[in-house]
Amino acid sequence: MSTAIDRMTGLRPVVLTGDRPTGGLHLGHLAGSLAERVRLQETCDQFVLVADLQAMTDNAGNPAKVAEAVPEVVADYIAAGLDPTKSTMFLQSGIPELSELTMLYLNLVTVSRLERNPTVRDEIRQRGFERDIPAGFLCYPISQSADITAFRATKVPVGDDQLPMIELAQEIAIRVNRLGGSEILPRPEAVLSAVTRLPGIDGLGKASKSLGNAIQIGDPADVVREKVRMMFTDPNHLRVSDPGRVEGNVVFSYLDAFDGDVAAVADLKDRYRAGGLGDSVLKRRLADVLEALLSPMRERRRAIGRDEAMAILAAGTLRARAVAAQTLVSVRSALGMPVLV
Ligand code: ATP
Ligand code: MG
């Protein structure tokens with residue numbers, strides 16, 4: 001469709017992903033989506049958003065936390081290997097067109113559809129919102145649909161908690177196309193990594209910024225070792241000689257995700273199941289694997305100052321806004337909005 005957008009995005013597939021600035025990024029992000037983004041930036045037009053408006057939906061009482069996390073997230077992107085010359089990193093609130101798209105899409109989705117979203121239901125429970133759910137929180141999947149469709153993204157690398165959001169974005173794109181009578185928005189698809197849900201160190205659920213159960217990309221080496229030492233394993237594996245469980249054992253989940261020596265990990269699993277292998281041996285191995293992974297990232301992270309991170313975001317926001325503005329024009333027209341002359 002629009003030649004301006006096609007000129008900006010060429011014929012390469014468009015990727016949109018992002019993260020809520022609610023803290024620094026963690027190993028779940030690395031395994032679930034960041035590693036994939038580092039690959040995709042070579043072959044796709046990739047937009048990476050720092051979703052500050054979405055973060056405000058459950059942090060309205062603590063905006064400083066969100067503001068402080070913005071440059072942290074950008075530093076983590078650079079640390080993980082995102083390159084500002086290849087990926088457009090931008091700030092959600094810097095693109096008012098995204099909010100207008102959200103406003104238009106709100107009319108295409110029912111409240112009961114939003115209430116059925118299993119990820120949002122879990123999050124409402126975890127946050128203890130119960131009957132006092134901020135309207136913005138219930139509606140944040142619609143704002144995600146605006147983010148995805150604004151860039152006409154077809155690939156969305158995410159963890160599996162985000163699948164219901166992609167489904168909603170697909171439905172909205174279909175609705176807009178039907179109302180406009182043409183293929184205005186392409187169908188977005190989730191791109192899942194091999195690790196779609198890295199558990200938290202407590203083994204209770206997924207690693208999450210808000211639950212404080214994650215190893216952060218920027219954690220110092222001693223903090224990483226301490227978190228590995230505290231990791232949930234098999235509570236019934238009391239003596240080294242006892243047979244141990246591999247399933248649900250967080251240390252093995254992390255070894256599967258980050259230890260490149262698959263054969264050695266398989267051998268450790270056999271020995272653990274049979275009995276005779278202590279948790280401390282496993283944990284030492286994992287701590288070494290994570291240190292090898294994180295120490296170059298820590299260095300890159302240290303080299304990025306707050307001002308530099310914000311400058312990267314400002315430049316990316318300018319580029320991204322031009323694309324979103326084009327899409328907004330098409331969607332407004334598809335939905336029959338009046339045009340001021
Ligand atoms: P919050 O607790 O504030 O919601 P979060 O840790 O869940 O933070 P998000 O910013 O919500 O992180 O998620 C950003 C992206 O990272 C999403 O695509 C999400 O699916 C993915 N992701 C988050 N946690 C994990 C995890 N533990 N395993 C795999 N992917 C994850
Ligand atoms: Mg989340």
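User: In this predicted model, which helix gives the most to the lining of the second largest pocket, and what makes a residue part of that lining?

Analyst: Helix 8 gives the most, with five residues. A residue counts as lining because it has an atom within 4 Å of a grid point of the pocket. Among the residues that line this pocket are Leu53, Thr102, Tyr140 and Asp147. Helix 3 (52–56) and helix 5 (96–105) also give two or more residues each.

User: What makes the lining of the second largest pocket polar, nonpolar or charged, class by class?

Analyst: There are four nonpolar, seven polar and one charged residues. Gly136 is in the lining, and Gly counts as polar in this scheme.

User: How do you know where ligand 1 sits?

Analyst: Ligand 1 sits in the largest pocket. That label applies because more than half of the ligand's atoms lie within 2 Å of the pocket's grid points. The volume of this pocket is about 890 Å³, and His29, Glu123, Asp161, Gln162 and Lys206 are the closest to its centre among 43 lining residues.

User: Why is the pairing of Thr22 with ligand 1 called a polar contact?

Analyst: A polar side-chain atom of Thr22 is 2.7 Å from an oxygen atom of the ligand. The cut-off for N or O pairs is 3.5 Å, so this pair qualifies. Backbone atoms take part too: a polar one of Arg20 is 2.9 Å from a ligand oxygen, and one of Gly159 is 2.8 Å from a ligand oxygen.

User: How much of ligand 1 does the protein bury?

Analyst: Taken alone, ligand 1 exposes 600 Å², and the protein buries 96% of that.

Key: Residues are numbered from 1 along each chain as its sequence is written. Chains are lettered from A and ligands numbered from 1 in the order in which they are written. This is a predicted model: local features need pLDDT of at least 70, side-chain atom pairs count only at pLDDT 80 or more; totals for chains, interfaces and linings use all residues. Side-chain values use heavy atoms; hydrogens and water are left out. A polar contact is a pair of N or O atoms within 3.5 Å; within protein, one must be able to donate a hydrogen and the other to accept it, and residues adjacent in sequence count only if both atoms are side-chain atoms. Accessible areas come from the Shrake-Rupley method with a 1.4 Å probe; for residues, only the protein chains shown count as cover. On a 1 Å grid over the protein atoms alone, a cavity is a set of points where a 1.4 Å probe fits but cannot get out, and a pocket is an open set with protein on both sides within 12 Å along at least five of seven lines; lining residues have an atom within 4 Å of a point. Grid points are joined across faces, edges and corners, and a volume is the space filled by probe spheres set on the points. Helices (H or I, at least four residues) and strands (E, at least two) are DSSP runs, numbered from the N terminus.
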